[in-house]
Amino acid sequence: MLKAPDHQVAGHQAHAGKLGPLVDDSGRFYKPLQSDERGTKEAAFYSSFSSNSKIPTPIRRFFPTYHGTQLLEASDGSGMHLHLVLQDIVSNRLDPSVMDIKMGSRTWYPQASEDYIMKCLKKDRESTSVPLGFRISGLQTYESEKLGYWKPDKKVVQDFTLEDVKLTLKRFVSSNPSSNAEPDCALASLIYGGSDGILAQLLELKAWFEDQTMYQFYSCSVLMVYEKAGVGEEGLRSRSGAEVKLVDFAHVVDGEGVIDHNFLGGLCSLIKFVSDILVSSTNRSKAEGDLKEQPENIANDVKA
(Lines give C-alpha, C1' and ligand atoms only; values in the text may rest on other atoms or scores of the structure.)
Protein backbone atom coordinates (compact mmCIF):
# COMPACT_ATOMS: atom_id res chain seq x y z
CA MET A 1 0.00 0.00 0.00
CA LEU A 2 1.59 3.26 -1.15
CA LYS A 3 1.13 6.49 0.78
CA ALA A 4 2.69 9.92 1.19
CA PRO A 5 5.67 9.92 3.59
CA ASP A 6 4.83 10.95 7.15
CA HIS A 7 8.24 12.45 7.89
CA GLN A 8 9.19 14.40 4.77
CA VAL A 9 10.49 17.84 5.80
CA ALA A 10 11.41 19.43 2.44
CA GLY A 11 10.84 19.13 -1.30
CA HIS A 12 7.71 18.38 -3.32
CA GLN A 13 5.09 16.54 -1.28
CA ALA A 14 2.32 14.17 -2.42
CA HIS A 15 -0.55 16.12 -0.87
CA ALA A 16 -3.62 17.88 -2.26
CA GLY A 17 -3.34 16.30 -5.69
CA LYS A 18 0.31 17.24 -6.18
CA LEU A 19 3.10 15.06 -7.57
CA GLY A 20 5.43 13.86 -4.83
CA PRO A 21 7.20 10.83 -3.38
CA LEU A 22 5.47 7.78 -1.93
CA VAL A 23 6.49 5.06 0.52
CA ASP A 24 5.37 1.49 1.16
CA ASP A 25 5.47 -0.84 4.16
CA SER A 26 8.61 -2.66 3.02
CA GLY A 27 11.00 0.23 3.60
CA ARG A 28 11.11 1.65 0.08
CA PHE A 29 10.81 5.27 -1.03
CA TYR A 30 9.42 6.05 -4.49
CA LYS A 31 10.60 9.36 -5.87
CA PRO A 32 8.91 10.54 -9.11
CA LEU A 33 11.43 11.38 -11.80
CA GLN A 34 11.26 14.99 -12.90
CA SER A 35 9.99 15.22 -16.47
CA ASP A 36 12.94 17.22 -17.79
CA GLU A 37 16.62 16.26 -17.97
CA ARG A 38 16.94 16.46 -14.18
CA GLY A 39 15.01 13.22 -13.76
CA THR A 40 17.18 11.44 -16.32
CA LYS A 41 20.33 12.79 -14.65
CA GLU A 42 19.32 11.62 -11.18
CA ALA A 43 18.51 8.11 -12.40
CA ALA A 44 21.83 8.03 -14.29
CA PHE A 45 23.71 9.13 -11.17
CA TYR A 46 22.20 6.39 -8.99
CA SER A 47 22.94 3.78 -11.63
CA SER A 48 26.51 5.00 -12.05
CA PHE A 49 27.20 5.38 -8.35
CA SER A 50 25.81 1.96 -7.37
CA SER A 51 28.08 0.21 -9.89
CA ASN A 52 31.17 2.40 -9.42
CA SER A 53 33.93 0.24 -7.93
CA LYS A 54 35.95 3.35 -7.05
CA ILE A 55 33.50 4.34 -4.31
CA PRO A 56 34.93 3.23 -0.92
CA THR A 57 32.64 0.75 0.83
CA PRO A 58 32.40 2.85 4.05
CA ILE A 59 31.20 5.85 2.00
CA ARG A 60 28.27 3.94 0.48
CA ARG A 61 26.42 4.00 3.81
CA PHE A 62 25.93 7.75 3.35
CA PHE A 63 23.81 7.21 0.22
CA PRO A 64 20.32 5.65 0.05
CA THR A 65 20.26 2.13 -1.35
CA TYR A 66 19.13 2.18 -4.98
CA HIS A 67 16.61 -0.40 -6.22
CA GLY A 68 16.21 0.80 -9.81
CA THR A 69 13.16 2.48 -11.33
CA GLN A 70 9.48 1.51 -11.48
CA LEU A 71 6.34 2.73 -13.21
CA LEU A 72 3.70 3.66 -10.65
CA GLU A 73 0.43 5.55 -10.52
CA ALA A 74 1.43 9.15 -9.85
CA SER A 75 0.27 10.76 -6.62
CA ASP A 76 -1.36 13.61 -8.54
CA GLY A 77 -3.63 11.23 -10.47
CA SER A 78 -2.00 12.00 -13.82
CA GLY A 79 -1.44 8.34 -14.67
CA MET A 80 1.61 6.10 -14.75
CA HIS A 81 4.88 7.83 -13.93
CA LEU A 82 8.46 6.55 -13.64
CA HIS A 83 9.80 6.58 -10.06
CA LEU A 84 13.21 6.03 -8.53
CA VAL A 85 12.99 3.19 -6.00
CA LEU A 86 15.17 4.04 -3.00
CA GLN A 87 15.70 3.11 0.62
CA ASP A 88 13.20 4.79 2.95
CA ILE A 89 15.67 6.24 5.44
CA VAL A 90 13.19 6.59 8.33
CA SER A 91 11.08 3.45 7.77
CA ASN A 92 12.48 1.61 10.78
CA ARG A 93 12.30 4.56 13.14
CA LEU A 94 9.69 5.59 15.66
CA ASP A 95 9.10 9.36 15.83
CA PRO A 96 12.25 10.31 13.90
CA SER A 97 13.84 13.73 14.13
CA VAL A 98 14.98 14.87 10.67
CA MET A 99 16.84 17.88 9.27
CA ASP A 100 17.32 18.55 5.54
CA ILE A 101 20.30 20.79 4.72
CA LYS A 102 20.96 21.96 1.16
CA MET A 103 24.70 22.13 0.58
CA GLY A 104 26.85 24.62 -1.29
CA SER A 105 26.97 28.38 -1.69
CA ARG A 106 25.98 27.80 -5.32
CA THR A 107 23.04 25.51 -6.08
CA TRP A 108 22.91 25.64 -9.88
CA TYR A 109 24.86 23.35 -12.19
CA PRO A 110 27.12 24.62 -15.02
CA GLN A 111 24.82 23.63 -17.90
CA ALA A 112 21.71 25.25 -16.38
CA SER A 113 19.68 27.83 -18.31
CA GLU A 114 20.06 31.53 -17.59
CA ASP A 115 16.57 31.66 -16.06
CA TYR A 116 17.32 28.73 -13.75
CA ILE A 117 20.65 30.24 -12.69
CA MET A 118 19.00 33.55 -11.79
CA LYS A 119 16.28 31.72 -9.83
CA CYS A 120 18.87 29.77 -7.83
CA LEU A 121 21.11 32.79 -7.36
CA LYS A 122 18.23 34.74 -5.87
CA LYS A 123 17.49 31.94 -3.36
CA ASP A 124 21.16 31.50 -2.51
CA ARG A 125 21.67 35.21 -1.85
CA GLU A 126 18.46 35.60 0.17
CA SER A 127 19.23 32.59 2.37
CA THR A 128 22.33 31.49 4.29
CA SER A 129 23.69 29.54 1.28
CA VAL A 130 26.09 32.30 0.18
CA PRO A 131 27.46 33.36 3.60
CA LEU A 132 27.51 29.88 5.20
CA GLY A 133 27.77 27.46 2.29
CA PHE A 134 24.54 25.71 3.29
CA ARG A 135 20.94 26.40 4.23
CA ILE A 136 18.36 24.49 6.23
CA SER A 137 15.50 23.42 3.93
CA GLY A 138 13.25 21.88 6.57
CA LEU A 139 13.21 19.94 9.82
CA GLN A 140 11.17 18.25 12.49
CA THR A 141 12.28 17.41 16.01
CA TYR A 142 10.31 15.04 18.20
CA GLU A 143 9.75 16.53 21.64
CA SER A 144 7.39 14.25 23.56
CA GLU A 145 4.22 12.20 23.26
CA LYS A 146 2.22 15.15 24.58
CA LEU A 147 3.81 17.90 22.47
CA GLY A 148 4.63 15.84 19.38
CA TYR A 149 6.98 17.45 16.86
CA TRP A 150 8.50 20.88 16.66
CA LYS A 151 8.30 21.58 12.91
CA PRO A 152 8.72 25.22 11.88
CA ASP A 153 6.74 26.38 8.87
CA LYS A 154 8.44 26.25 5.47
CA LYS A 155 8.29 30.03 5.05
CA VAL A 156 9.87 30.55 8.47
CA VAL A 157 12.73 28.20 7.53
CA GLN A 158 13.26 30.01 4.22
CA ASP A 159 13.91 33.25 6.11
CA PHE A 160 16.47 31.76 8.53
CA THR A 161 19.42 34.03 9.29
CA LEU A 162 22.85 32.93 10.49
CA GLU A 163 21.69 33.22 14.10
CA ASP A 164 18.53 31.22 13.32
CA VAL A 165 20.69 28.43 11.88
CA LYS A 166 22.82 28.33 15.03
CA LEU A 167 19.74 28.25 17.22
CA THR A 168 18.00 25.59 15.12
CA LEU A 169 21.02 23.27 15.16
CA LYS A 170 20.88 23.56 18.96
CA ARG A 171 17.13 22.99 19.12
CA PHE A 172 17.49 19.90 16.95
CA VAL A 173 19.33 18.14 19.82
CA SER A 174 17.40 19.68 22.73
CA SER A 175 14.68 18.28 24.95
CA ASN A 176 12.81 21.61 24.70
CA PRO A 177 12.89 22.53 20.98
CA SER A 178 9.51 24.27 20.88
CA SER A 179 10.23 26.40 23.96
CA ASN A 180 11.21 30.05 23.74
CA ALA A 181 13.78 29.34 26.42
CA GLU A 182 17.44 28.74 25.59
CA PRO A 183 17.82 25.26 24.01
CA ASP A 184 19.28 22.87 26.57
CA CYS A 185 21.21 20.77 24.01
CA ALA A 186 20.50 17.79 26.27
CA LEU A 187 21.06 15.31 23.43
CA ALA A 188 24.07 16.98 21.80
CA SER A 189 26.70 14.61 23.19
CA LEU A 190 24.64 11.56 22.21
CA ILE A 191 23.59 12.71 18.72
CA TYR A 192 26.37 15.03 17.56
CA GLY A 193 29.14 13.39 19.60
CA GLY A 194 30.53 9.89 19.95
CA SER A 195 32.58 7.69 17.64
CA ASP A 196 29.65 7.29 15.22
CA GLY A 197 27.67 10.43 15.97
CA ILE A 198 26.76 13.04 13.40
CA LEU A 199 30.03 14.98 13.76
CA ALA A 200 32.13 11.83 13.24
CA GLN A 201 30.08 10.94 10.15
CA LEU A 202 30.39 14.45 8.71
CA LEU A 203 34.15 14.30 9.24
CA GLU A 204 34.28 10.96 7.42
CA LEU A 205 32.41 12.51 4.50
CA LYS A 206 34.76 15.51 4.58
CA ALA A 207 37.80 13.24 4.25
CA TRP A 208 36.25 11.66 1.14
CA PHE A 209 35.28 14.99 -0.41
CA GLU A 210 38.83 16.25 0.10
CA ASP A 211 39.95 13.46 -2.21
CA GLN A 212 37.12 12.53 -4.61
CA THR A 213 37.03 14.20 -8.03
CA MET A 214 34.47 11.93 -9.75
CA TYR A 215 31.38 14.03 -9.04
CA GLN A 216 30.29 17.62 -8.38
CA PHE A 217 27.25 17.53 -6.08
CA TYR A 218 25.32 20.71 -6.91
CA SER A 219 22.12 21.28 -4.88
CA CYS A 220 22.55 18.04 -2.96
CA SER A 221 21.18 17.76 0.58
CA VAL A 222 22.53 16.29 3.79
CA LEU A 223 19.90 14.59 5.92
CA MET A 224 20.55 14.28 9.65
CA VAL A 225 18.30 11.73 11.34
CA TYR A 226 17.92 10.24 14.80
CA GLU A 227 15.29 8.60 16.95
CA LYS A 228 14.83 10.09 20.40
CA ALA A 229 13.25 6.93 21.84
CA GLY A 230 16.45 5.00 21.26
CA VAL A 231 18.94 7.61 22.41
CA GLY A 232 20.95 6.50 25.38
CA GLU A 233 19.27 3.13 25.68
CA GLU A 234 21.84 0.35 25.76
CA GLY A 235 22.01 -1.65 22.57
CA LEU A 236 19.81 0.71 20.52
CA ARG A 237 22.40 3.20 19.30
CA SER A 238 23.24 1.34 16.09
CA ARG A 239 19.55 0.93 15.21
CA SER A 240 18.11 4.20 16.45
CA GLY A 241 21.06 6.56 16.77
CA ALA A 242 22.37 9.36 14.63
CA GLU A 243 22.62 8.91 10.88
CA VAL A 244 23.78 11.10 8.01
CA LYS A 245 22.58 10.56 4.43
CA LEU A 246 23.12 12.44 1.17
CA VAL A 247 20.04 12.85 -1.05
CA ASP A 248 18.83 14.73 -4.15
CA PHE A 249 21.19 14.14 -7.07
CA ALA A 250 19.35 15.69 -10.02
CA HIS A 251 22.13 18.28 -10.47
CA VAL A 252 25.20 16.08 -10.02
CA VAL A 253 27.71 16.47 -12.86
CA ASP A 254 30.99 14.84 -13.82
CA GLY A 255 33.80 15.97 -11.54
CA GLU A 256 36.33 16.06 -14.38
CA GLY A 257 39.17 15.49 -11.94
CA VAL A 258 38.37 18.58 -9.85
CA ILE A 259 37.61 18.59 -6.11
CA ASP A 260 34.04 19.68 -5.31
CA HIS A 261 34.92 22.81 -3.34
CA ASN A 262 31.32 24.06 -3.43
CA PHE A 263 30.01 21.08 -1.46
CA LEU A 264 33.18 20.74 0.63
CA GLY A 265 33.05 24.38 1.72
CA GLY A 266 29.49 24.00 2.96
CA LEU A 267 30.35 20.74 4.69
CA CYS A 268 33.28 22.35 6.54
CA SER A 269 30.99 25.18 7.62
CA LEU A 270 28.34 22.75 8.92
CA ILE A 271 31.02 20.77 10.76
CA LYS A 272 32.18 23.97 12.50
CA PHE A 273 28.63 24.75 13.68
CA VAL A 274 28.03 21.22 14.98
CA SER A 275 31.47 21.06 16.62
CA ASP A 276 30.95 24.39 18.41
CA ILE A 277 27.60 23.20 19.79
CA LEU A 278 29.16 19.96 20.98
CA VAL A 279 32.07 21.72 22.70
CA SER A 280 29.74 24.26 24.34
CA SER A 281 27.41 21.50 25.53
CA THR A 282 30.28 19.45 26.93
CA ASN A 283 31.71 22.44 28.78
CA ARG A 284 28.29 23.30 30.22
CA SER A 285 27.74 19.71 31.39
CA LYS A 286 31.15 19.72 33.05
CA ALA A 287 30.43 23.05 34.75
CA GLU A 288 27.08 21.76 36.03
CA GLY A 289 28.80 18.65 37.33
CA ASP A 290 31.35 20.76 39.19
CA LEU A 291 28.55 22.82 40.76
CA LYS A 292 26.83 19.65 41.99
CA GLU A 293 30.05 18.50 43.64
CA GLN A 294 30.59 21.76 45.53
CA PRO A 295 27.92 21.20 48.24
CA GLU A 296 29.33 17.72 48.89
CA ASN A 297 32.85 19.12 49.25
CA ILE A 298 31.61 21.83 51.64
CA ALA A 299 29.79 19.21 53.74
CA ASN A 300 32.93 17.08 53.91
CA ASP A 301 34.99 20.11 54.97
CA VAL A 302 32.49 20.86 57.76
CA LYS A 303 32.66 17.26 58.99
CA ALA A 304 36.42 17.38 58.98
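Modeller: Let's start at Phe63. If you skip its neighbours within four places in sequence, Phe63 is in contact (heavy atoms within 4.5 Å) with Phe45, Phe49, Gln87, Trp208, Phe217, Lys245, Leu246 and Phe249. Bear in mind that this is a predicted model: local features need pLDDT of at least 70, side-chain atom pairs count only at pLDDT 80 or more, and totals for chains, interfaces and linings use all residues. Numbering runs from 1 along each chain as its sequence is written, and side-chain values use heavy atoms, with hydrogens and water left out.

Phe63 belongs to the largest nonpolar core, which has 58 residues; together with Tyr192 and Phe217, Phe63 touches the most other members. The main contributor is helix α10 (residues 261–303), with 9 residues. A core here is a set of buried Ala, Val, Leu, Ile, Met, Phe, Trp, Tyr and Cys residues joined through side-chain atoms within 4.5 Å. Buried is under 20% relative accessible area, exposed is over 50%, and partly exposed is in between, with a 1.4 Å probe and protein chains only. Helices (H or I, at least four residues) and strands (E, at least two) are DSSP runs, numbered from the N terminus. There is also a second, separate core of 9 residues, Trp108, Tyr109, Tyr116 and Tyr218 among them. As background, nonpolar side chains in soluble globular proteins tend to be buried together.

Now for the sheet. An open sheet is built from 4 strands in the order β1-β2-β4-β3, with antiparallel pairing. Its edge strands, each pairing on one side only, are β1 (22–23) and β3. Two strands pair if DSSP finds at least two bridges between them. Going along the order, β1 meets β2 (residues 28–32) over 2 bridges, antiparallel, and Leu22 has Tyr30 as its bridge partner in β2. Next, 5 bridges join β2 to β4, again antiparallel, and there Lys31 stands opposite Leu84 in β4. Finally, β3 (residues 66–73) and β4 share 6 antiparallel bridges. Those two strands make a hairpin with 6 residues between them, and Gly77 in the turn has a positive phi of about 75 degrees. Glu73 has Met80 as its bridge partner in β4, while Leu71 stands opposite Leu82 in that strand.

Leu71, Met80 and Leu82 make a nonpolar patch of about 300 Å². Patches take residues with over 30% relative accessible area and no salt bridge, joining like charges within 9 Å and nonpolar side chains (Val, Leu, Ile, Met, Phe, Trp, Tyr) within 5 Å; areas come from the Shrake-Rupley method with a 1.4 Å probe, and for residues only the protein chains shown count as cover. Leu82 sits in β4 (residues 80–87) and, at 36% relative accessibility, counts as partly exposed.

Back to Lys31, which is where the charges get interesting. I count a salt bridge when a side-chain nitrogen of Lys or Arg is within 4 Å of a carboxyl oxygen of Asp or Glu, and that rule gives 14 of them. One joins Glu42 to Lys31, with the closest N and O atoms 3.0 Å apart. Since Glu42 is in helix α1 (residues 37–51) and Lys31 in β2, the pair ties together parts that are 11 residues apart in sequence. Both Glu42 and Lys31 are buried, Lys31 with a relative accessible area of 18%. Lys31 also bridges to Asp248, at 3.1 Å between the closest N and O atoms. Asp248 is in the loop between β10 (243–247) and β11 (252–254), so this second pair ties β2 to a part 217 residues away in sequence. Asp248 is partly exposed, at 26% relative accessible area.

For another example, the side chains of Glu210 and Lys206 meet in a salt bridge at 2.7 Å, N to O. Glu210 is partly exposed at 40%, and Lys206 is partly exposed at 22%. As for Lys31, Glu42 and Asp248, salt bridges with shared partners join them into one network.
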